[in-house]
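Subject: Structure handover

Hello,

Here is the structure for you to look over. My notes follow below it.

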Amino acid sequence: MNQGLQFDDAGRLRHLLTIEGLSRQTILEILDTAESFISVGEREIKKIPLLRGKTVVNLFFESSTRTRTTFEIAAKRLSADVINLNVGASSTSKGETLLDTIRNLEAMHTDLFVVRHAESGAAHLIARHVPPHVRIINAGDGRHAHPTQGLLDMFTIRRHKGAFGKLKVAIVGDILHSRVARSQIQALKALGVAELRVVAPKTLLPVAVEKLGVRPCTRMEEGLDGVDVVMMLRLQRERMQGAHIPSEHEYFNLYGLTPAKLALAAKDAIVMHPGPMNRGLEIDSAVADGPQSVILPQVTYGIAVRMAVMALIMGGTPAIREPATRDPASRKPAERKKHQ
Amino acid sequence: MNQGLQFDDAGRLRHLLTIEGLSRQTILEILDTAESFISVGEREIKKIPLLRGKTVVNLFFESSTRTRTTFEIAAKRLSADVINLNVGASSTSKGETLLDTIRNLEAMHTDLFVVRHAESGAAHLIARHVPPHVRIINAGDGRHAHPTQGLLDMFTIRRHKGAFGKLKVAIVGDILHSRVARSQIQALKALGVAELRVVAPKTLLPVAVEKLGVRPCTRMEEGLDGVDVVMMLRLQRERMQGAHIPSEHEYFNLYGLTPAKLALAAKDAIVMHPGPMNRGLEIDSAVADGPQSVILPQVTYGIAVRMAVMALIMGGTPAIREPATRDPASRKPAERKKHQ
Amino acid sequence: MNQGLQFDDAGRLRHLLTIEGLSRQTILEILDTAESFISVGEREIKKIPLLRGKTVVNLFFESSTRTRTTFEIAAKRLSADVINLNVGASSTSKGETLLDTIRNLEAMHTDLFVVRHAESGAAHLIARHVPPHVRIINAGDGRHAHPTQGLLDMFTIRRHKGAFGKLKVAIVGDILHSRVARSQIQALKALGVAELRVVAPKTLLPVAVEKLGVRPCTRMEEGLDGVDVVMMLRLQRERMQGAHIPSEHEYFNLYGLTPAKLALAAKDAIVMHPGPMNRGLEIDSAVADGPQSVILPQVTYGIAVRMAVMALIMGGTPAIREPATRDPASRKPAERKKHQ
């Protein structure tokens with residue numbers, strides 16, 4: 001898909017559809033902006049007026065209460081008005097096309113669509129058809145991308161492990177079907193992680209996955225050995241019915257993250273999961289709730305990262321109005337050093 | 001039904017239940033007020049504090065995401081708090097009567113109910129039972145009325161075609177079952193349109209429809225000839241099962257608005273549709289997306305018109321506090337001239 | 001269940017899970033605070049900034065539009081941001097545990113959970129696991145408790161009948177299964193009502209109900225004789241299928257509150273019902289809509305009482321910051337006299 005779509009003529013981020021094609025610089029700018037929003041969640045009054053009078057539409061063609069809630073909270077903390085639409089049950093059942101729904105909403109002078117859709121490319125399709133003042137955030141499209149998840153994961157890693165250049169990272173689970181994994185891989189490659197492995201049974205690894213610049217491993221012993229970050233994926237229980245996995249029991253034995261398997265990683269490795277977790281399937285509760293888990297901090301950072309993305313693409317932060325930001329090349333590397 | 005119900009003792013609009021019984025003066029006042037709200041949707045901060053601290057309840061006994069959204073956006077732009085209730089699935093299933101539901105909500109000191117109901121007269125029934133401080137807007141009741149749709153259509157016509165007195169207008173489609181058509185006919189008659197035709201197969205025309213002051217046509221050739229405004233109606237696909245229409249294919253052939261049929265109308269005729277559209281059934285995409293279509297502007301105006309109605313019946317606009325407005329007769333015709 | 005859970009180390013109310021264990025002093029403080037919020041609902045601008053920037057989550061595992069609406073309105077009048085979650089249909093269906101859902105929401109820096117759940121003890125379970133800054137209000141858990149309903153009932157009685165010490169009160173209906181009845185009994189006992197009767201067929205009375213300090217009656221003649229307050233309960237129609245009640249008709253004959261039966265009570269007795277009512281089953285419309293009914297005022301007070309509880313547990317009212325309040329013993333009895 002066309003990544004150019006997410007930038008305006010001046011090279012500024014206009015939509016967030018995918019991490020593919022985002023420069024290291026852009027990703028770091030989002031993380032820095034998120035850093036400045038972390039404190040908002042800790043204040044007495046968790047609200048800033050950045051998006052006051054803007055209308056954010058949560059346009060969920062596929063229902064996900066959790067993801068919808070994170071965007072709703074992020075938008076409300078920025079003082080936007082939020083409209084929640086579960087479109088599955090309404091207009092589309094009246095035979096209206098996706099684009100008619102979008103055109104109608106934009107005719108209402110709404111400003112930002114947060115789109116989740118079961119089909120890959122839905123957010124891109126919408127972005128191609130909206131007028132210049134409307135912004136799109138992809139909140140997950142089919143197996144394609146879930147960029148805010150990828151970004152909040154980068155935020156988490158930077159906060160807990162520092163510079164990306166020295167890190168070994170393993171992504172474990174259903175790589176083949178996961179939009180989260182795709183976004184994570186793209187972000188980690190852009191940020192120049194030292195080593196990136198994907199760990200799964202062969203049936204859950206994409207063909208020729210090495211071409212993405214990752215090292216495929218079919219055994220946890222190999223995959224987790226010495227890594228600094230273990231990123232678990234959620235296993236869709238539906239996969240069990242197919243030929244992908246023999247049984248839940250066997251999957252847990254081979255790929256479930258237990259304290260014993262985690263011991264293969266670096267001593268201070270962190271454990272991540274995008275949630276919701278299948279405890280006892282892809283992850284053991286002893287690990288999920290253990291001292292190396294940063295799963296709940298991920299959720300906290302997720303609000304700040306979504307606030308940052310909304311603020312940046314809506315042009316509401318000082319950061320993107322600065323001349324320095326419009327021309328990243330002129331920014332001194334020293335300014336960034338502390339975070340990488 | 002009793003139209004007096006929607007005015008208070010001083011003759012001011014208290015509820016909006018139907019366009020029947022509204023004077024030309026009142027309709028124009030609503031359109032003028034809407035005109036002043038158009039700019040709100042184009043501002044950086046799309047919010048005015050007119051209904052701050054008021055509680056608007058979207059009380060939808062029949063689900064309609066699109067209509068609910070327009071009222072939600074309109075109310076939030078006026079700074080009201082909005083409560084969305086899909087009542088079909090809740091209280092009524094607990095055996096509570098419609099009026100108990102209403103009484104409970106008004107006991108919570110809510111201010112305005114936007115009511116949609118599958119039965120004709122539901123909004124009137126509610127209006128008859130609420131205390132003086134509670135306001136009702138009918139957002140569609142059975143086959144009876146959909147007055148805000150009718151008003152936004154008038155707004156659209158005035159914006160694009162100017163004075164009503166010179167216009168020939170055709171309403172095309174399922175006149176028999178359409179609450180939209182009823183509201184449109186009432187509004188167009190009140191505003192003194194030059195000629196009003198209704199175009200449909202005989203099975204979809206009300207008996208003795210001429211009594212409404214319209215000219216019934218069963219052929220598009222006759223119905224569209226030289227008209228300035230073509231108002232298409234949505235065809236409920238459910239009608240297909242009945243004896244009303246032979247087949248989708250034949251309906252489109254006879255009554256679907258194609259470029260060829262549109263060519264029968266005046267060269268600068270506009271095309272309207274209340275949405276959601278059945279493309280390829282009542283309207284061809286070439287027309288829906290063509291240069292004569294004002295279907296998306298209708299949606300935009302719909303927000304401003306709903307803001308205007310809310311503001312007027314809540315007594316929040318300077319307009320209705322002016323002595324001149326309470327006594328329309330004292331207003332000079334010259335003041336209105338520019339819009340008609 | 002552990003009532004200590006709802007207080008912090010300084011003895012201040014932190015959660016509202018049950019009325020059990022609340023002192024007369026604490027209950028009266030809530031009622032006094034609610035008294036100060038009554039006027040907010042009557043203002044032009046029904047909004048105070050007490051919870052501005054706070055996030056209130058309506059976490060309904062069991063759907064109840066009416067109860068959810070009261071909390072949503074109360075929270076919005078306090079200027080909080082409100083997130084509505086019907087959890088039944090979402091996360092839990094993805095196999096996430098109750099506590100994972102809670103932990104995720106609190107990681108988003110939400111402040112207050114309003115919890116409704118079909119299982120007794122759910123709100124307590126959650127309260128045991130949240131960090132100190134998170135507050136819980138039980139909005140009904142199984143057959144266990146519905147404390148805000150109990151409190152608004154006390155508010156209603158005090159407003160209409162004055163001092164509790166002289167009152168005879170009857171609770172009528174399905175005592176056995178009713179969380180409302182439990183909360184009412186606990187509140188009325190704490191406030192030292194003169195006499196408390198529970199009236200129901202034997203099959204709907206708990207075993208050894210006398211131990212709660214109430215007088216069980218199986219006949220309305222005995223139960224209503226000379227009482228000042230008649231508190232009706234909603235009868236779940238589902239009970240009809242069981243062996244609990246012979247038939248709707250017979251139940252109405254024996255226990256339905258008709259004008260004739262109400263005549264047994266004191267002449268100025270008030271009639272209460274938590275809603276939604278089954279008219280013609282547990283209550284006759286002539287009584288429900290009659291001059292002794294305070295059923296709609298209950299709804300109005302419910303908003304003020306919920307605002308009071310939210311404000312108190314969030315630490316936002318001057319009342320609980322006063323030294324006098326932290327040490328109730330130092331408060332002069334005279335201050336309270338007027339209300340009891």
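**The annotated sites in chain A**

The side chain of A:Arg234 comes to 2.5 Å from the backbone oxygen of A:Pro276, a polar contact being a pair of N or O atoms within 3.5 Å, where within protein one must be able to donate a hydrogen and the other to accept it, and residues adjacent in sequence count only if both atoms are side-chain atoms. This is a predicted model: local features need pLDDT of at least 70, side-chain atom pairs count only at pLDDT 80 or more, and totals for chains, interfaces and linings use all residues. Residues are numbered from 1 along each chain as its sequence is written, chains are lettered from A and ligands numbered from 1 in the order in which they are written, and side-chain values use heavy atoms, with hydrogens and water left out.

A:Arg234 sits in the loop between β8 (229-232) and α8 (248-255) of chain A. Helices (H or I, at least four residues) and strands (E, at least two) are DSSP runs, numbered from the N terminus. A:Arg234 counts as buried at 16% relative accessibility. Buried means under 20% relative accessible area, exposed over 50%, partly exposed in between (1.4 Å probe, protein chains only).

An unreviewed UniProt entry places "binding site" at A:Lys94, A:Arg179 and A:Arg234. UniProt positions use the numbering here, feature names are shortened, and annotations may be inferred rather than shown by experiment.

A:Arg116 is in strand β3 (residues 112-117) of chain A. A:Arg116 is buried, at 4% relative accessible area. Its side chain makes a 3.4 Å polar contact with that of A:Thr67. Beyond four places in sequence, its contacts (heavy atoms within 4.5 Å) include A:Glu62, A:His146 and A:Arg179.

A:His146 lies in the loop between β4 (135-141) and α5 (147-161) of chain A. A:His146 is buried too, with 5% relative accessibility. Among its contacts beyond four places in sequence are A:Thr67, A:Arg179 and A:Arg306.

**Where chain C meets chain A**

How many residues of each chain are in contact? 23 residues of chain C touch 26 residues of chain A. The area buried between them is about 2,300 Å², and carbon and sulfur atoms give 51% of it. Buried area is the accessible area (1.4 Å probe) that two parts lose on being put together, summed over both.

Four salt bridges cross this interface. A salt bridge is a side-chain nitrogen of Lys or Arg within 4 Å of a carboxyl oxygen of Asp or Glu. One pairs C:Asp81 with A:Lys47, the closest N and O atoms being 2.7 Å apart. Both C:Asp81 and A:Lys47 are buried. Eleven residue pairs are in polar contact between chain C and chain A (both at pLDDT 80 or more). On the chain C side, β2 (81-86) and α3 (98-107) each supply at least two residues.

**Helix α3 of chain B**

Nine of the ten residues of α3 (residues 98-107) of chain B are buried, so this helix is largely enclosed by the rest of the structure. Its buried residues pack against elements of chain B, including β1 (55-60) and α4 (122-129), and against α2 (65-77) and α11 (295-313) of chain C. Just after α3(B), B:His109 takes a positive phi of about 60°.

**Salt bridges**

There are 57 salt bridges over all chains. A:Lys161 and A:Asp268 form one at 3.3 Å, N to O.

Best wishes
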